[in-house]
Protein chains: 2
Amino acid sequence: MSRVYNFSAGPAVLPLSVLEQAQAEMLDYQGTGMSVMEMSHRSAAYMAIIAEAEALVRELMGVPTNYKVLFQQGGATGQFTMVPMNLLTDRSQKAAYVHTGSWSKKAMSEAKKQCDNVVMVASSEASNFNYIPDQGDWQPFADAAYLHVTNNNTIFGTEYHWTPESGDVPLVGDMSSNILSRPVDVSKYGIIYAGAQKNLGPSGVTLVIVREDLLGRRSNLPVMLDYKVQAESESMHNTPPTYAIYILGLVLKWVKAQGGVAGMEAQNIAKAALLYKAIDEMAFYSCPTQVESRSRMNVPFILSDDRLNESFLSEAKKADLVTLKGHRSVGGMRASLYNAMPLAGVEALVAFMGDFAKRHG
Amino acid sequence: MSRVYNFSAGPAVLPLSVLEQAQAEMLDYQGTGMSVMEMSHRSAAYMAIIAEAEALVRELMGVPTNYKVLFQQGGATGQFTMVPMNLLTDRSQKAAYVHTGSWSKKAMSEAKKQCDNVVMVASSEASNFNYIPDQGDWQPFADAAYLHVTNNNTIFGTEYHWTPESGDVPLVGDMSSNILSRPVDVSKYGIIYAGAQKNLGPSGVTLVIVREDLLGRRSNLPVMLDYKVQAESESMHNTPPTYAIYILGLVLKWVKAQGGVAGMEAQNIAKAALLYKAIDEMAFYSCPTQVESRSRMNVPFILSDDRLNESFLSEAKKADLVTLKGHRSVGGMRASLYNAMPLAGVEALVAFMGDFAKRHG
């Protein structure tokens with residue numbers, strides 16, 4: 001067994017201790033004589049697992065009591081539909097979006113199927129999404145049913161390092177790629193959602209945190225798409241993705257042991273600083289994102305000569321540094337530094353980058 | 001480590017060899033240096049996993065080439081919505097359902113949100129769903145957009161041992177609880193769907209087999225709910241539930257090693273016959289379902305004295321026979337005998353039942 005440093009943007013690296021525990025419990029979860037995968041979701045053993053996962057989300061994120069915590073299926077893409085479907089009572093109501101890349105584009109595209117009045121209040125498209133637009137430059141949105149932001153942009157490597165002020169308009173945050181990586185004031189949001197496969201666990205489960213007064217605006221929705229039904233059944237209207245939630249719970253325990261989100265943030269600041277410093281100091285590499293918008297989670301970087309990309313990737317792989325290829329929208333490389341990526345992995349990457357630049361620069 | 005015989009209706013027992021392989025590969029899948037959970041769904045290693053799973057579904061079920069095989073999220077409940085949403089071009093079109101229990105009731109309830117003309121062509125509700133209505137007694141449905149049946153009823157323990165004749169009307173089969181347990185002529189169906197958590201793998205992934213001419217009847221659907229989008233992207237429009245699909249693939253390989261669906265059917269006939277024979281021969285137990293409709297997968301049985309239910313369950317548990325409590329709609333006990341339940345488990349249950357009846361009868 002030889003583990004690599006996996007810089008995948010998602011599904012992504014998980015804490016080794018989480019995988020080891022899952023491995024140890026695979027055939028017999030805590031004396032039940034069965035795998036978590038084999039358990040009825042209504043069994044006492046499983047009900048304890050999902051209850052603990054919810055309690056840990058509440059504790060780690062400081063979720064106020066007037067918010068529901070849901071474990072949904074369908075990923076962020078499912079939420080692109082559920083948000084407008086649940087929050088708009090009428091197709092003519094305004095839905096406001098800040099456009100910061102591929103994910104907000106998809107979110108708007110799905111919203112347009114539910115809404116005739118999707119409004120882009122700001123966009124960084126003109127500069128290939130290399131920054132988060134300042135709120136001072138946004139169009140007004142006080143008459144919108146909600147305001148949607150993408151808190152971290154995996155592809156373009158940008159991140160909100162601040163919380164938008166939305167007044168009485170419910171703020172909806174897609175935190176798929178930076179949840180639990182830093183403290184968040186949940187009370188500033190109406191809805192927070194996050195596909196699990198970056199900072200929370202395996203793909204197939206989506207965390208949704210929704211303020212209670214936003215439930216039930218619409219009736220007669222499909223049960224799988226109705227926050228109210230899902231909240232009233234505590235994510236158990238039908239069989240939830242039980243094993244994915246179990247792994248998510250193990251990840252939450254690991255985050256707690258790391259000092260919670262404050263502890264994670266300190267590690268994430270150190271990891272990102274190390275990599276950005278290396279990129280900025282070596283003329284061989286460059287980073288396309290504006291400094292104040294740089295993501296701590298996803299770091300795109302460009303080699304001075306595109307023809308070296310394949311060599312970089314193949315040599316990196318030989319050094320057990322994998323999944324570094326950049327997204328085609330940006331090119332070059334991308335290193336994702338989610339919670340579970342240890343500092344040692346970033347140190348190894350930076351050392352390799354220095355060596356590669358020396359040999360090819 | 002001590003394994004039990006787990007008669008859960010779902011999530012349910014998995015083959016021990018599947019769990020052992022998953023355990024062995026947890027930290028390092030075939031030399032990749034990472035868990036399947038940590039892999040990009042676009043990586044070569046993962047693309048091979050999902051492609052093999054699809055190929056095995058096609059091989060084991062004999063899926064004709066004009067059908068797409070999809071891996072979806074949301075369970076059968078999600079399909080209750082997707083079927084009418086995708087197949088009806090107009091709310092006034094007729095959607096025909098055969099009502100054989102809780103699942104068909106839920107399917108109709110979700111269909112009514114998409115359709116003003118949901119028609120029940122037959123129902124066994126008057127006798128608490130203890131049989132499958134003969135097709136000769138059904139109302140006509142030739143003008144329907146589709147006909148929906150629930151091929152196996154987990155709660156009431158009934159199963160179609162025949163394929164409905166639907167003529168030119170697309171037949172939709174919810175095979176969540178008996179897929180891969182017996183040969184099926186896929187060409188008789190327009191759509192087959194099955195939540196994985198009974199015969200296929202863990203919860204969180206749903207197998208959908210859909211005839212190509214049924215794709216694209218509707219446009220502008222939410223991408224997560226659009227069979228056409230899902231088919232064109234080969235279930236990769238967004239991140240699929242990667243680990244659940246991996247386990248499903250291991251289960252498929254195990255089914256193939258058991259002699260495919262024909263081999264599974266032989267085992268399932270033997271297991272079910274053993275248990276029904278025991279129930280029928282001992283006056284202490286009775287089975288509420290009509291003989292010709294009895295499910296091979298889910299066997300409800302009633303004790304002669306309801307006051308002994310708790311003793312039965314607690315003594316069974318001491319004998320490592322667990323999750324036998326019947327659904328409240330039927331009462332008594334229920335033993336689910338899915339593919340992965342070995343004959344030895346049924347033998348142990350029957351021996352325990354005989355012993356219990358002697359001591360308490």
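**Exercise 1. Which residues are buried in H9(A)?**

Solution. The model is predicted: local features need pLDDT of at least 70, side-chain atom pairs count only at pLDDT 80 or more, and totals for chains, interfaces and linings use all residues. Residues are numbered from 1 along each chain as its sequence is written, chains are lettered from A and ligands numbered from 1 in the order in which they are written, and side-chain values use heavy atoms, with hydrogens and water left out.

Step 1. Locate the element: helix H9 of chain A covers residues 343–360, helices being DSSP runs (H or I, at least four residues) and strands likewise (E, at least two), numbered from the N terminus. Its 18 residues reach 26 Å from first C-alpha to last, close to the 26 Å expected at 1.5 Å a residue; the expected span is 1.5 Å times one less than the number of residues.

Step 2. Apply the criterion: buried means under 20% relative accessible area, exposed over 50%, and partly exposed in between (1.4 Å probe, protein chains only). The buried residues of H9(A) are A:Gly345, A:Val346, A:Leu349, A:Val350, A:Phe352, A:Met353, A:Gly354, A:Phe356 and A:Ala357.

**Exercise 2. Determine how chain A is related to chain B, and describe their contact**.

Solution. Step 1. Within chain A, the residue closest to the rotation axis is A:Gln23, at 2.6 Å (C-alpha).

Step 1. Chain A gives 58 residues to the contact and chain B gives 58 residues, contact meaning heavy atoms within 4.5 Å. Because 100% of the interface residues of chain A are also interface residues in chain B, the copies meet through the same surface.

Step 2. About 4500 Å² is buried between chain A and chain B, with carbon and sulfur atoms giving 60% of it; buried area is the accessible area (1.4 Å probe) that two parts lose on being put together, summed over both. A:Leu27, A:Met37 and A:Glu38 supply 16% of what chain A buries against chain B, more than any other three residues.

**Exercise 3. Identify the residues that touch the most other members of the largest nonpolar core**.

Solution. Step 1. A nonpolar core is a set of buried Ala, Val, Leu, Ile, Met, Phe, Trp, Tyr and Cys residues joined through side-chain atoms within 4.5 Å. The largest has 128 residues, and A:Tyr243 and B:Tyr243 touch the most other members.

Step 1. Leaving out residues up to four places away in sequence, B:Tyr243 touches A:Met26, A:Met37, A:Tyr243, B:Ala22, B:Met26, B:Val36 and B:Met37. Apart from this core lies another, of 56 residues, among them A:Ala111 and B:Tyr146.

Technical notes: Copies are superposed by least squares on the C-alpha atoms of residues with pLDDT of at least 70 in both.
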